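Subject: Structure for your study

Dear colleague,

Please find below the structure that I am handing over to you. Kindly look through it first, and then read the notes that follow.

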Amino acid sequence: MFRKTETDKMLKQEVKQLRGVYKKTYRDMNIYLGSFSLNYYAKQEVLLELAGICLENQKRNSPIEEVFNHNSKAFCNSLIENCKRKTVMEKLLEYAVVLVFLSLLGFLFICIAIEISEAYPDFSMMEPLYIKQGSLYCSAYNLLPLLGIPLLFFFMNQIQYRFVYASKGLLIFLLFIGYFIINMILQYVFKNILEESILVLPIFLTIFCLSIATVILCYAYFACQLKSNHGIQ
Amino acid sequence: MFDKTQLMRGSLEGCILKIIEKRMTYGYEITEQLQQIGFQDIREGSIYPILLRLERQAYIQSTLKESPFGPKRKYYTISELGKAYLSEFYENWKQVYYSVHTLFEEDDREDDQHVQKNRNG
């Protein structure tokens, strides 16, 4: 979504050189800053400076904790106070990109489902009825991203904050796979209802989405509590 | 116990601007200079948010340059706006200094007189 700048390249080079505690300090601060809604370019500039501070201290062999007065969380908070925030336009753009991406992915899944049902007519959840009502189902399918994207972003940030070793890309991929599997199961579970009345499916999907959203919200709330209490030192 | 950091916080911004005014410099050098003149507790982490704020307020400008230790760091120069702000800071600082000094000088004088009386008596 954002073009790679000279800052990104320099940042990559400097981070590569970081070792041990210096690398860990940088990474923890990067993750912590990442869980706030900061402007991308402003954040990259700050990260470059942080990487520079860590790298310099690594070369001088001086303890990194002292640089941040043994409280890198307070340091990060003061950075956040002075850093440019994401604009409404930026947030909307981010939302739109994910929405388009998820819609395309949903469309792709439906195409795959049609192919499977044609190839294996006995595959119980892929009845011809479903294919005929594809457009209706497609709109129901898109309901989850519409409801879930803002939560998804928040959730991803939290999850990445908690499990620092997991890459964001991998987590998003796993979430999509989970989304696909849940969708397949739902079709199977509601197979009989689907045959009786196709309109029931979007209603059930909405209920399911709202339930998931509630669970995520609860998790996000507690994760937030955890973040404030057990943040970076 | 007296919290020295509260006292330093107000003046630090002006001191950083003064150091930058003298020559183009970066975070680590600024910290070293501050430590040399007596701000012993100052660390690079303490001044970086201030530098970020000063840059956002357009009092200083930055360019990326390689530091003596290798990594590219932000080197700061003062802007015209920053110079005006610095002279304003200094004028205000002098007023505060004068007020505090006058108040404590009176106390010191009274103490001296008291000691003198005791010696004579």
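Which residues touch the most other members of the largest nonpolar core? They are A:Leu50, B:Ile16 and B:Leu34, in a core of 48 residues. Helix α3 (residues 40-60) of chain A gives this core its largest share, 9 residues. A nonpolar core is a set of buried Ala, Val, Leu, Ile, Met, Phe, Trp, Tyr and Cys residues joined through side-chain atoms within 4.5 Å. Buried means under 20% relative accessible area, exposed means over 50%, and partly exposed lies in between (1.4 Å probe, protein chains only). Helices (H or I, at least four residues) and strands (E, at least two) are DSSP runs, numbered from the N terminus.

Some conventions apply throughout. This is a predicted model, in which local features need pLDDT of at least 70 and side-chain atom pairs count only at pLDDT 80 or more, while totals for chains, interfaces and linings use all residues. Residues are numbered from 1 along each chain as its sequence is written, chains are lettered from A and ligands numbered from 1 in the order in which they are written, and side-chain values use heavy atoms, with hydrogens and water left out.

Chain A

Chain A has 12 helices and 0 strands. Of its 233 residues, 43% count as buried. Among the contacts in chain A with a separation of 6 or more, 79% are between residues 24 or more positions apart; a contact means heavy atoms within 4.5 Å.

A:Asn61 is found in the loop between α3 and α4 (64-67) of chain A. Its phi is near 65°, a positive value in a residue other than glycine. A:Asn61 has a relative accessible area of 65% and is therefore exposed.

Contacts across the chains

A:Asn82 has its place in helix α5 (residues 72-82) of chain A. With a relative accessibility of 7%, A:Asn82 counts as buried. Leaving aside residues up to four places away in sequence, A:Asn82 touches B:Pro49, B:Leu52, B:Arg53 and B:Arg56.

B:Leu64 is found in strand β2 (residues 60-66) of chain B and, at 34% relative accessibility, counts as partly exposed. Not counting residues up to four places away in sequence, B:Leu64 touches A:Met10, A:Leu48, B:Lys72, B:Arg73 and B:Lys74. The C-alpha atoms of B:Leu64 and B:Tyr75 are separated by 6.1 Å, and the two residues are 11 residues apart along the chain.

Aromatic rings

A:Phe68 is buried at 4% relative accessibility, and A:Phe75 is buried at 4%. The pair of B:Tyr26 and B:Tyr75 is also tilted, with 4.9 Å centre to centre and 40° between the planes. This pair links distant parts of the chain, 49 residues apart: B:Tyr26 is in strand β1 (residues 25-26) of chain B and B:Tyr75 in strand β3 (residues 72-78) of chain B. B:Tyr26 is buried, at 1%, and B:Tyr75 is buried, at 7%. A:Phe68, A:Phe75 and B:Tyr48 form one aromatic cluster.

Charges also sit over rings. The charged end of B:Lys65 lies over the ring of B:Tyr75, 5.1 Å from its centre, and A:Arg60 lies over the face of B:Tyr28, at 3.5 Å from the ring centre. Such a case requires NZ of Lys or CZ of Arg within 6 Å of the ring centre and within 35 degrees of the ring normal.

Chain B

B:Ile16, named above for the core, touches B:Ile30, B:Leu34, B:Ile47, B:Ile50, B:Leu51 and B:Leu54, not counting residues up to four places away in sequence.

B:Ala58 lies in the loop between α3 and β2 of chain B. Its phi is near 65°, a positive value in a residue other than glycine. B:Ala58 is partly exposed, with a relative accessible area of 39%.

Yours sincerely

How values were computed. Phe/Tyr/Trp six-rings, centres within 6.5 Å; stacked < 30°, edge-to-face > 60°.
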